[in-house]
Structures are given as structure tokens and as C-alpha cells.
Amino acid sequence: MLKLRLLAAGQAGQHRLLRGLSSLLTTPWGAWLLTGVLILISLPLITTPLTILQQGITAVIIILVGWLTVRLEQSINRPALSQTLHLLLVWFSLLATLRYLYYRTSYTLNLDGWANGVFSLLLYGAELYAIATLLLTYFQKVRLRTRQPVDLSQIPNDRWPTVDIYIPTYNEDVAIVRKTALAALAVAYPSAKKHVYVLDDGRAEKYRDRRRQLRQMCQTLGCELLTRDNNDHAKAGNINTALQRTEGELVLILDCDHIPVRSFLEETVGFFQDPQVALVQTPHWFYNPDPFERNLVTRGRVPVGNELFYKVVQRGNDYWNAGFFCGSAAVIRRQHLMAVGGIATETVTEDCHTSLRLHAAGYRSVYYDKILIAGLAPETFASYVGQQVRWARGMAQILRLEKPLFNRRLSLPQRICYFSATSHFFFGFPRLIYAIAPVLFLLLHLNPIRGIGIETVAYALPHIVLAMQANFISYKKVRFSFWNELLEYALSIQAGVVTLLALVNPKLGQFNVTDKGTTISHRRFDVASVRHLLGLIGVSLVALSTLPAWLLLRPGETEAIIINGVWCGFNLILLSGAALVAFEQPQQRRAHRLRHQLLAVLCDGHQACQGTTVDISELGAKVQLAEHPTLLDDVTLEVLGDYGQRAVVQGKILRTEPSPQSDGFIAVVAFVDLTQTQTDALTLVLYSDVHTWYDQTRTASDRPLKSLWFIATSPQRALQARRAATRERLRQSYPQVGYLFWQGHYYRGRVSNLGMDGLQLVLGRTALPGWANRSALPIGGFALERDPGTDAPPRWVVCIRAVMPDAVSGTLTVELTFPPQLQPLQGQRLAQSVNFIAQGSRSYSRPSR
């Protein structure tokens, strides 16, 4: 019995020990403690010299283990296992990186001569920056926090905090501001506890008319316009002025193009039940493609630039209570904000700077990873660069002024997270050094890496591949391989200059407003924004052209020549893709389409068809229908939002097309003659009455080689001519006799189909005299043998659009269209005929091409 008790006690002790170890490993500090112990144990593996063959075998084994680990994580999709495997890969990556760094420091610095020495140290510094960034990233994303909203329904309404909604604006189009104000007013929250303010900073003479329009808009909608006498401190000063004039306990800040969903406050205000919470930040999402997506023609196949930040970095920061304010789509507690002096004004990234001070004061932040706003991304590459440059300058200013790594008021994890954020934009010059290094060898025979050859590759390759594998688990659906390098190359010179100037003097530079709502009507190449990249592409091409000569003249350096040639070619692929981002592609639509699936009803006054929108904008929609519609071209479209908001607009069916996803049809509808009331109702349905925006969850994962190939083929996609969409007009089958009158002659034929836009007439002859000498749109007359439902034969003026002979049957099909300028005169009669046919026939005929 005693033995059994001792055995049971021993087993219980083992279970407690295992539970304790498990609990320790589930905490970040415990996980990093284990990683540190493993690295300490692995010190001999980091410093022990090996022969080239031994190092090569070691590299293959480590890479293979990493690959098997990634495959295991993909095959068993369990969060707990993914976390464990991620930490295992981090350890392998750190091992490979530290071994490479030891080798690089001990054996490959080339200090022979001042030129070699300078460039060798510059390249070494760039690599140190990259390794430091890698380590900081590993720390930030050791655990990604997922939050659930705090239910407000259990709290009486009279205890809900009051909320002021701020919409700062400067020079943006009033129509853009109107959409945000409309949605802010529609946010679900007790009306007595919510106030909407438009903060207009556009006081200059050239904006006088715009301010008058804003005031009129606010009076019409029922929100309040706040202005000030100066523009001191730009957006930060605008908000601080409003804080002195309003009294809400909480403040929701929205950029003027960030349209909130109606549930925004219901899903965020509950977090403020914790009195220490000062900030709740939500993701930014853009419904239009950014310049990388549009100009490289990715068609949504590659995650956009902000997904990594909002799906990984901010969630990792949130675990360490370091999720920071992003300037919009955030709710802030007024009391805590005023306690730190309001919005920070010393830097141009007032958002991150303010949250740093809130955290330094001991307050907490919450990052809630649900998209609750829809905004506009910069349309042009120049605007995108301007936005990124402002962030780069501001982050460097914070680093210079606040020195977050040494700020004792922050916790150590917060210091690391803020240091990572504020040093992120220093990638500019290191990235340029990576591009220049192989060129220096191939053109000037300068060698920044002494003895570069197979041995160097054997040490470097595990470091590079293991880092990619370790990041794969976190990044696989939010940042594909090599796209980060492409992004950094695109911004390299601009980011490098502004960060350097900000470190020298934080007061240099000024706040610039990002242009939004720009329309690009034709292709153009913004040479000014990528002049430095074009120069690097040119010298890289010249450098690659020297490879045969070097191989002939210096056969003893074959390894170094080939390695630098491959390196230069790899850089050339990324540089070319980065430069193509400045090749502006025209926007195919005047308004950006949203992939909303909304209940839609099409009605022409006689019958109705119910369907679901495939995509929709303020100017048109695609509606999925179960069967081909027998409708007139002129219709009324009613769409229903997720919460019941309705919009009814007039439209014209431009074409129908078979649905690629089902056996049904898609009707393409353009909205016409929209009133302001209809536009406002449509805005609320599209942007406010939304239960769930696109959640950035992708089914496709990163595949490194495929990702590199996709970048390499960017020129083919960007430079190819756009093809016009195939259009099928809405026609009704109508096998009746018709007559074409043209150039003094009648031609009798059979009408194959008829619609509001035109018809097809099949003639029993193989030629139409005089057609070869036709004008661009020859005018003729057309008559039906009899009008459906009446005895009077209808006649219309038509244009002959095309003549299509059929060699097999010997017939001639003539495509006729009705001139739009004569629509007021003959449109009503035509509509009656087409509607009669539609009611009597459910068949569908596609016009010949």
C-alpha cells in the first residue's frame, strides 16, 4: 500500500511538473527562456569550424529539417501545434543565423584597401541591420493575440459612455467626407450619447468654397462642423483643438475617407469597461487596389502591403500591451489622452507617438482584429510614396526624441516593440547596398566579402532559408516571399533620405496630406519616383553583361563571379518589379467595385427578377440571376444591406453574360440619374450596413519559387494591352419578318432577336450592295411586318453596325442598333414592342459576333 501511495505521489508530482513546464512554455518569457537555453547549449554548433563539405552537409540537414517542420505544420492545422513548431523553427533559424554571423565576422570582412574596406563595412552593417530586424520580428510575433468583443447588451444604456466621433479633413473632396459623415451618423449607438463632428482644417482662401460646402453638408446631415483659426501641428493640432470644445468620454477618430460600419462602437466600446484601457485600435482596410496591386496587375493573388502589419505585427504587439494608435479607426479615452497632453505634436506620426506616451503613463491598449472601416488607399505611386515617407520620417523622429529602447517608463517588451516599429523604415540604405554590392564586384572588381565562394553560400543559405521557413507559419497568408524586398526597393532611396535627415534633425520636414480619390485615365510612367531604380537596373544589366569576360579572364575566381552574377540577377528581378509599380495603369471604372453579396431585385415596371450582387459600386452592379432575365433595358434596382438598409436606384442593363460560377446569368447594370438621396442611401447600404467586411483570410499560401516567378513576370502583365470585356446585349428571341431600308432599297429578312439597344436581321442573300463603301455608322430604316399586339407596323431609325456573312448557309446577318440620340422619340414605342415580346417568350438568343 505504501509503495502504491509513493508511486501515485510520484506520478502526481510528474504531472504537476509537466503542467508547470507546459504553463511555462505557453508564456512568452518561458518560451524565450527555453530558446535562450537551447542557444546556450548550441554555442559549440555556432562557433565550431567545419570543412566546406561538413558545412554543406550541415546546411542541407538543417534546411531539410526546417522543410519537414513546415510540411508538418501545413498538414496538421492546429494553433497549439503551429505555435510549438514556430518556436522550433525560430530556434533553428537563430542557430543558423548566429553561425553565419560568427563566420561572417571572423573570416569574410575585407579590409584590404580603403575602397574594399568601406564597402565591406557598409555591407556588413546592412546585414547586421537585417539580422537585428529579424530578431525583433521573432520577439514581436512570439504569440499573436486574438480578442473577442465585450458584450454591451448586459450593461444598461444609461451607463454607456458618451462618444464623440471626429472626422478630421483638410482639402479632400466633399463627396468623400460626406460618405464618412453619413456612416458615422448611422453608427448604432444611443443618439443622446453620440455626437459627430467634422473637423475642417482647410481655412486657406483656395478652400473657402469647400468650407461653405462642408458647412451646408453638415447642416443637411445633422452633424457639426468645427473649424479653427490656424493650421498649427496639422491633424494633431486639429484634433487637440476639438478636444477642448467637446465633452465625450470617448473619442472615435476617423480619417475622412474611412467609412465605419454601423456596429463599430458596439464592438469596441465594451473594452473600456477596464478603466486602464486608453485605446482600442482596429485594422485599416482599403476597398480600392493600392499601386502595387493595380500597377503590377496582381488581381488579388498577392496579399496587399498592410495585411502583414494588421494581421501579424499588431496582434503580436497586442500580446505585449504594445499595440499602437494608427491615426484612424480607433477609440480613445479622453481622460487618459488629456493626461498625457493630448495628441502628440512633436512628430508627423502623431498616432504612434501618442500611444507610446499612453503606454509610458501605464495605460493599456487593445487591438481588436476585425475590419470595421473601409477606406481609400493612395491611387498613384507618388501618393503612396508620400504617405510612406511621412511615416518613415515620423518613426525616425520618435526614435530620435523618445529613445524607446531606453525609456524606463515602458516595460521591456514594450521597449522592444516600439524600437522595432520606429527602426523599421531604416531599410532604405541597407537595401540599396544589397543592390550595389554584386555590381561593384562585376564592374570594379571590388569585393565586399573576402573569399566569397561555395563556403560562403554554405553558411549564408541556411541563414536565409531558415528565416523564410520560420516566418512562413506566421506570414504564409499575409506576406508572400520576396514581396517585402520588392516593397523596400520601391521606397529605398526616399525612406533612406528622410530617416537619415530625421535622425540628424527631427524638426526637418513637414506634414503632407496623402492625396485620395485621384482618377487615372491613361497609362503613364512616373519616372521621377523611380529614377534611382532605373539607374540601378541599368548598371545591373551592364554588370551582368561582363560575366563572360570575367569567366574568360579570371578562371580562378569562377565561384565568386557566378555567385555575384546570380545575386545581381536576383536583384534585377526585384528592381524591375519595384520600378514597374510606377507604371500607372488606368482605372477601368469610375468607381471602385465592392465584392458584396447583397439581395437585389431588378424590376422594369412589368416584372421583377430577384438575385444577388456579385460586386457593386456607387455607379453600377453585377447581379447574379438564376435564369436569363426577360426585362427591358431600363430597370429599377433595389438592394438590401446586411441590417435591412435599403437603396432603390434607376439603372440600365448594359449586358448579360453567363455566370462563371453557376448555370445562371449575370446582369451588368449601370445606375443612371441618381439623386443625392439615392446616393446617400446607396452609401449606407454599401459601407455602413455591413456585418462583416473582407476578413483578409486567404486560402492560398505562400510558395516561394512561385512568388518569385510571379514577380519576374510582372512586366508581361503590366505591359500587355488590356482587352475589352466581351459584351452580350439583352435581347429577346423574336422570329418575325422585318424590313431594312437602306440606300433606296428594301431588304426583307428574319429578325432573330430584338432588344432596346438593337436587333439582328438575317437576310437571304450573301451581299449587301454598297456596304463596302459605307460610312462609319450608316443610317437606315427598319420596320417589323407587324407590331406585336397591334395592326400598325412600327418603324424605327437604325444604324448598321456590322454585316456578318455565313459561308455555310449563304445568309447574311446584319447587326442593327438604335441611335441613342433618338431615344426620346422612338424609345417608348420600342419599349412596348420589346415588353410584349418579353411577356410572350422566355427564350434567350445570343447575338452573333
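Mentor: C352, H353, L356 and R357 of helix 14 meet M395, I398 and E402 of helix 15, where contact means heavy atoms within 4.5 Å. Helices are DSSP runs (H or I, at least four residues), numbered from the N terminus. This is a predicted model: local features need pLDDT of at least 70, side-chain atom pairs count only at pLDDT 80 or more, and totals for chains, interfaces and linings use all residues. Residues are numbered from 1 along each chain as its sequence is written, and side-chain values use heavy atoms, with hydrogens and water left out.

Trainee: At what angle do the axes of helix 14 and helix 15 cross?

Mentor: Two packed helices are described by the angle between their axes and the distance between the axes. Axes are lines fitted to C-alpha atoms, for helices over the stretch in contact, and angles run from 0 to 180 degrees between N-to-C directions. The axes of helix 14 (residues 350-360) and helix 15 (residues 381-402) come within 9 Å, and the crossing angle is roughly 35°.

Trainee: Is L500 buried, partly exposed or exposed?

Mentor: L500 lies in helix 19. Buried means under 20% relative accessible area, exposed over 50%, and partly exposed in between (1.4 Å probe, protein chains only). Because its relative accessibility is 46%, L500 counts as partly exposed.

Trainee: What percentage of the 849 residues in the protein chain is buried?

Mentor: The protein chain has 26 helices and 23 strands (strands being E runs of at least two residues). Of its 849 residues, the buried share is 55%.
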